[in-house]
Amino acid sequence: MGILIKNVQLWDEEIGKRRNIYIEGSRITGIDQEPEHFSEDETIDGSHKVMMPGFVNAHTHAYMSVFRNYADDLPFAEWLFEKIDPLESNLTSEQAYWGNMLSIIEMIRTGTTCFVDMHMFPEMAVKACADSGIRGVITRGLVGSDRNDEACARRVKEALDEIDYAANEPAANVTFGLGPHAIYTAGEDVLRYVAELAKEKGLFINIHATETPYEYETCLKEHGKTPIAYLKDCGILDGPALLAHCVYLDDEDYAILRESGASVATNPASNMKLGNGFAPVARMLDEGINVCLGTDGASSNNALNMFRELNLLTLTQKGVTKDTTALNAETTMKIAVENGYKAVGLGKKGGKIEKGRIADVILLDEEAPNFQPKFNWKAAFAYSASGYEVSDVLVAGKVLMRNRILTTIDEERVNYEIAKAVSKF
Ligand SMILES: [Zn+2]
């Protein structure tokens, strides 16, 4: 099956230059030059559209959109332990599935084609990825003080079983990792166990790290080292790792992160909303760390819109450093796109509009008023876009949204199920 996107503007080329993009199967197989034996099943008119790779939302909890706007403006511990945790422990798998679908709708509509999820409801994220067609990097949240704890053993089993479950969902574009929740919910023995398991099974690790001043100070007090040094000692940074937040770092932490090759998913909206401050993104980049971007869950953001997030990222870095050049549009877009693909192991396969790369791409309305006049697409996306200029979304060569109409999800049904799920909160 072949898709031709005709006469489209690419986001990184001079204004006015138009291209024909050929897609076969899951990949881009030609730019301007029609591949041999190309059979055109679908043509998308790109004459008023600008095309870029879809975003990787590098940190979220997709099921949590059921909690959107439920508990806001509270201290972090009260928000998490008194409001969200009790609701979460009563949430059913079915409700979590609809939460996933609601998040996926928002992500597709605002140009995300891949998301990294830490979840508490086995198989639901995989099912939602299979049903919607979005790409997912799925990690089961793991907690407990010791590897023999019932909670830890059960969750690890669920994490591994889920990989088998996905093998029977051939439609799902998913890969897996392990998600020890954080150093304050997963004890040292659990962290060491997860590190061993990740190595043995060839899985990457997704963890919240050094998000709050409390977490940072407590770690110094209890372990005599920073959260990053502690994670290193537990073996968490030995293999591929993705660390969400990293707001509090000391001078030595930068070198540890750089040398480990770990990626950091920064979440500016969540960090500000929960009163946790601003991650030192500009410095992390200067230190050679792969920083990518995430929205976090919908109860701490409260949106899963990468355009909104990257706008906040660039503005806050300029504000905090009092340096207008701290994070320019080009670098901001690189963080949101290229670095995200790199963090999830797709650095060589995606993140660029090139022959041979995966066809995870989005089209935006080139004539949107906030995109006029046309000078520089990356500046338009970093400073002017709302996210809802996205008109078409393809993942692995499959159309998930065409002219703003979702092709795989019944939005009315999702809204109905969500309203039903939250009616008893
Ligand atoms: Zn999170």
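Helix α12 and helix α14 are roughly perpendicular to each other, because the angle between them falls in the 65 to 115 degree class. The angle here is about 75°, and the axes are 9 Å apart, with α12 covering residues 329-336 and α14 covering residues 377-384. Axes are lines fitted to C-alpha atoms, for helices over the stretch in contact, and angles run from 0 to 180 degrees between N-to-C directions. Helices (H or I, at least four residues) and strands (E, at least two) are DSSP runs, numbered from the N terminus.

Two remarks on the source. This is a predicted model, where local features need pLDDT of at least 70 and side-chain atom pairs count only at pLDDT 80 or more, while totals for chains, interfaces and linings use all residues. Residues are numbered from 1 along each chain as its sequence is written.

Back to the helices. From α12, Ala329, Glu330, Thr332 and Met333 meet Lys378, Ala379, Phe381, Ala382 and Tyr383 of α14. Contact means that the C-beta atoms of two residues, placed from the backbone, lie within 7 Å. By class, this contact has six nonpolar, one polar and two charged residues. Ala, Val, Leu, Ile, Met, Phe, Trp, Tyr, Cys and Pro count as nonpolar, Asp, Glu, Lys and Arg as charged, and the others, Gly among them, as polar.

Now the domains. The assignment gives domain 1 as 2-53 + 360-406 and domain 2 as 55-343; such bounds come from an automatic or database domain assignment. Across the boundary, 20 residues of domain 1 are in contact with 24 residues of domain 2. Which element gives the most to the domain 1 side? That is α14, with five residues. By class, the side of domain 1 that touches domain 2 has 15 nonpolar, two polar and three charged residues. The domain centres, taken over C-alpha atoms, are separated by 29 Å.

Strands β15 and β16 also give two or more residues to that side of domain 1. They run antiparallel and are joined by three bridges; two strands pair if DSSP finds at least two bridges between them. Val393 has Met401 in β16 as its bridge partner. Met401 also stands opposite Leu406 in β17. β16 and β17 form a hairpin with two residues between them, and Asn403 in the turn has a positive phi of about 50°.

Next, the open sheet. Eight strands pair in parallel in the order β6-β7-β8-β9-β10-β11-β12-β13. The edge strands are β6 and β13, and the twist averages 25° from one strand to the next. β12 and β13 pair over four bridges, with Cys292 in β13 as the bridge partner of Ala265. Helix α11 packs on this sheet and touches β6, β7, β12 and β13.

Last, one residue. Beyond its neighbours within four places in sequence, Val66 is in contact with Leu91, Gln95, Gly99, Ile418, Ala421 and Val422.

Technical notes: Angles under 35 degrees count as roughly parallel, over 145 as roughly antiparallel, 65 to 115 as roughly perpendicular and the rest as oblique.
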